[in-house]
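Q: Could you take me through the aromatic side chains in this model? I'd like to go pair by pair.

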Amino acid sequence: GDADAMVAGIDSHYPDTIRPALQVVGRSEVVDHVAGLYMIALPNRKLLFFADTTQAPLTLIAVYLWQWVPFTALLLLAGLLGIPKHIYEAADIDGSRWHHRIRWIDVPLLKRVIIIALILATVEIVRLFDLVYGATQGGPGTSTYTVSIGIYRMAFQDFDTAMAAASSLMVLVITIFIAQIFVRQMREAH
């Protein structure tokens, strides 16, 4: 419709940080499909995707997964395509079943790719701002409040830039610490 054409026109002029929020707000066919599935599953509940304190976080999680699961699947597919065929041939000769191949070949050889995907997801979740701010601005109440929204409010609504900068540095240190744990796991995998 008109909203989709407007978003498509705006979409090409904004950087990648704004596009996810535009996709949430402007792509009505996505919301229509989700609403249809929702109505089939729970026909007696009202659709309050962003107005209800329990549905707003679930809606943002669904949108986040909609956005990042294909990328993660692509990473895993690339990892699977990188596994040498002779390993699978040897497993066939040994008479292994499909679930043994997954357990003893795929998962161990994909461990590094899985850890990289976890690092990227962790960093993305910690810095998650655009989707939440564009859809709910942290509301209703504080049901979708994130660290990034809190830092934004400290800096630009409360004008406490020193506390916002200190909070940002703490978030950076915590994120680096978590990433280091994943990197250590990746080193142990090899």
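This is a predicted model: local features need pLDDT of at least 70, side-chain atom pairs count only at pLDDT 80 or more; totals for chains, interfaces and linings use all residues.

Q: How many aromatic pairs does the structure hold?
A: There are 6 aromatic pairs, where rings of Phe, Tyr and Trp (its six-membered ring) pair if their centres lie within 6.5 Å, with planes under 30 degrees apart counted as stacked, over 60 as edge-to-face and the rest as tilted. One of them joins Trp 68 and Phe 71, whose centres are 5.6 Å apart and whose planes are at 85°, so this pair is edge-to-face.

Q: And how exposed is Trp 68?
A: Trp 68 is partly exposed at 24% relative accessibility (buried means under 20% relative accessible area, exposed over 50%, partly exposed in between, with a 1.4 Å probe and protein chains only). Phe 71 is likewise partly exposed, at 34%.

Q: What about Tyr 152 and Phe 156?
A: Their ring centres lie 5.3 Å apart with planes at 45°, so that pair is tilted. Tyr 152 is partly exposed at 24%, whereas Phe 156 is exposed at 55%.

Q: Which residues do ring pairs link into a cluster?
A: The cluster consists of Phe 129, Tyr 133, Tyr 152 and Phe 156.

Q: Changing topic, what sits over the ring of Trp 104?
A: The charged end of Arg 103 does, 4.3 Å from the ring centre; the criterion is NZ of Lys or CZ of Arg within 6 Å of the ring centre and within 35 degrees of the ring normal.

Technical notes. Residues are numbered from 1 along each chain as its sequence is written. Side-chain values use heavy atoms; hydrogens and water are left out.
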